[in-house]
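Thanks for coming, everyone. Let me put the structure up, and then I'll talk you through it.

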Amino acid sequence: MTTWQYGQKRRDPFQLVFIVVLSAMLVSGVAFGRFPCQETSEDHGCVSDGWVTLVAPTNSPVVCLGNSITITASVTVANSQNQTVKHFNNSCPDEVSYGGDAPTYVVTWTASVGGWSTNGTGLTATFTPADCGAGTVSFGLNYTNVSPCNGTGTSSTDGNFTVLSLKIVDGSGKDISSANSNNTAIVGQSMNLTAQTCGGTFSNYVWSVDGYAISNYDVVNGILTTDFPLTNSGVMFHWVDDGSKSVTCSADCGGITCSANVNFNVVKPAAKIDAKTLTVIFTTLGSGGLLKFGGPFGQGITFSNTLTVPASFSGTSVWSQVCASAPVFTLTDTSGVTHTTVQNGSSPFGDLPSPYGIFNGVNPFDSPDISVDSSFVGVSASGSYEMFMMFQPSGGCPVPLRAVTWSWSGAFTKSSGVWSGTSTNSIDPPDYPTTSFPTWNSSVKDYHWNPSL
Amino acid sequence: MRKHLYCYLITFVAVTVQALASGLSTNEWGVGTNNVKMSIYLAGSNEEIKIGKPLKLIARFKNISTNEVFHLHQARELTEVADYSFFIDFPSGKRVSALSKAPIIGSDMGSNIGPNETFECELKVDKVCQLDEVGTYKIIVQREIWGPFEKRKEKGNVVEMPTFTIISNPLLLQIVK
């Protein structure tokens, strides 16, 4: 509700609004100083160019071949110096201000070691070398100033790294660890592997060999040497069993342990022994006689065999025979005294010489016997043997493939001038696979008679 | 006529001496016994043997029967000489007799000789004795033969086997310096 006082002049409402707005404008202009200078234009200028320089990496990594490497360089940046001049009206003075911008830059790098190299961009180089030795990463930088500056420049720096390598090579120096799925060997083959190193001096070699591997086997003396050094820069051995095998070697260099692995497919010949036997016969010969496995005209046991050597390998079969327990022979003289053989050495006994050399054509055979003359009225024999067929690859050592266990015995006496007795023997004994070596402590022929004859 | 006779005589003596000096013809056999004959001869050429040089003597057996099989026992342990007896006359008149001595216990790796077959094996006479004199030696070898197989008598696991001994031809061997 509007009230009017006496004598007050009533104003026009539009006049009142004008007065209020004008008053507000005057008050705000004075209060914030914008009045009366108003900017009319701006000028930008470059006082000085900025620059960027590369700082060398601080790390020099050492890795084993196959591992990735990361090397990071850094940059030092100096901004450009820019000048901005603002122009105003009403004769207001120019305003000058200064600022700066960081130049833009691009970094590229090239890493190389041995005959291998690669490249990339950025301050961080990550790569996996494919060669070994002392390597270098070369960083290169190109920078460009931001307008109003326009200067350009370059910078470079290097970083170092070392790649260690341990490869397994065969006797001919061929790297087999890099192609570790196509290596084939045959049982008995002389495996001569060497750790080939690069990038530094290695020590503390440790080899591991899968499967049944031996150092060597001396078939002449029946000596099996199982252990072989596993801490040298090379390793020599012979596999006895077949199948998939792995050989690993590790070694240290400057606190870094590198390792290499190689896989082999070890094959062996297909083999079979076919043993054929006759019987134990006592044969009277004039005034004496002969107790013999096989009879007077035969061969007690004959071993025929098959041996199929896998393609690309060659070798021969080698035979050896042992007796786990001593054969026992007795002779009873006309006084009734029984003389018995006693081994001078300890078991097992080798049927020497070895390799076994009694062949009928290509087939080994055995016909153990004991002869008597007219001064004896009794004779007996008992023996058990194990015949081994081994495979000796060219340049390798013999390893057992199959074996046959066989025995013979007989006991005969003479009564009223007539010999009679009993006998027994293995009949066509089967063969069986084996990885056991024929070894012995003494010769089966090293015996004496007790009492002496 | 007398000249011709002398020529024939000289030629005969020369041939005989040459034959004696150079060893034995390989066609010469000992007296056969029970259809088996044995000869011994020098392996290789018939050249004179120099003293101290290895001597390789071959024993050859021939079964002249048409239907019989014989067996030569051969001890594995002493294969070269164990089953043989040697009688060696030295140039000095000394005689060495080495009787067969196959071991009591052994393994027979002998051979069977079938009808009309021959069999040869090496005799390492050096293992019997050393021929250390220069001059002409006479060597005779003897050994036991089993068989014939066809005349055996079997009684279960006992076999009665005939045996007999044969003697080789005398081998005249010239040893020179």
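Ground rules. This is a predicted model, where local features need pLDDT of at least 70, side-chain atom pairs count only at pLDDT 80 or more, and totals for chains, interfaces and linings use all residues. Residues are numbered from 1 along each chain as its sequence is written, while chains are lettered from A and ligands numbered from 1 in the order in which they are written.

Chain A, then. It has one helix and 38 strands. Those are DSSP runs, numbered from the N terminus: H or I with at least four residues for helices, E with at least two for strands. The radius of gyration of chain A is 50 Å, well over the 22 Å that the globule rule gives for 453 residues, so chain A is more spread out than a compact globule. That radius is taken over C-alpha atoms, and the rule is 2.2 Å times the number of residues to the power 0.38. Along the principal axes, the C-alpha atoms fill a box of roughly 185 × 65 × 40 Å.

Now domains. The assignment for chain A gives domain 1 (39–163), domain 2 (170–267) and domain 3 (270–450). The bounds come from an automatic or database domain assignment. How far apart do the C-alpha centres of domain 1 and domain 3 of chain A lie? The distance is 89 Å.

Burial next. In chain A, 34% of the 453 residues count as buried. Buried is 20 or more other C-beta atoms within 10 Å of a residue's own, exposed is 12 or fewer, and partly exposed is in between, with C-beta atoms placed from the backbone. A:Gly395 is one exposed case, with 11 other C-beta atoms within 10 Å. A:Gly395 sits in the loop between E33 and strand E34 (399–415) of chain A.

On to strand pairing, which takes at least two DSSP bridges between two strands. Strand E27 (residues 328–333) of chain A has two partners to show you. With strand E33 (residues 376–393) of chain A, E27(A) pairs antiparallel over six bridges. There, A:Thr330 stands opposite A:Ser380. With strand E28 (residues 338–343) of chain A, E27(A) pairs antiparallel over three bridges. Here A:Thr332 faces A:Thr338. That hairpin has four residues between the strands, and A:Gly336 takes a positive phi near 90°.

Next, the contact between the chains. It takes 19 residues from chain B and 24 residues from chain A; contact means C-beta atoms, placed from the backbone, within 7 Å. On the chain B side, strand E7 (105–107) and strand E12 (158–161) give two or more residues each. E12(B) gives the most, with four residues. Strand pairing also crosses between the chains. Strand E23 (residues 280–285) of chain A and E12(B) pair in the parallel sense over four bridges. A:Thr283 has B:Val159 as its bridge partner.

Last, a sheet in chain B. It is open, with three strands in the order E1-E3-E9 and antiparallel pairing. Which strands are at the edges? Strand E1 (36–42) and strand E9 (118–123) of chain B, each pairing on one side only. Strand E3 (residues 57–63) of chain B joins E9(B) through six bridges. One bridge partner pair is B:Arg60 with B:Glu120.

That's my tour. Questions, please.

Terms used. Contact = placed C-beta atoms within 7 Å.
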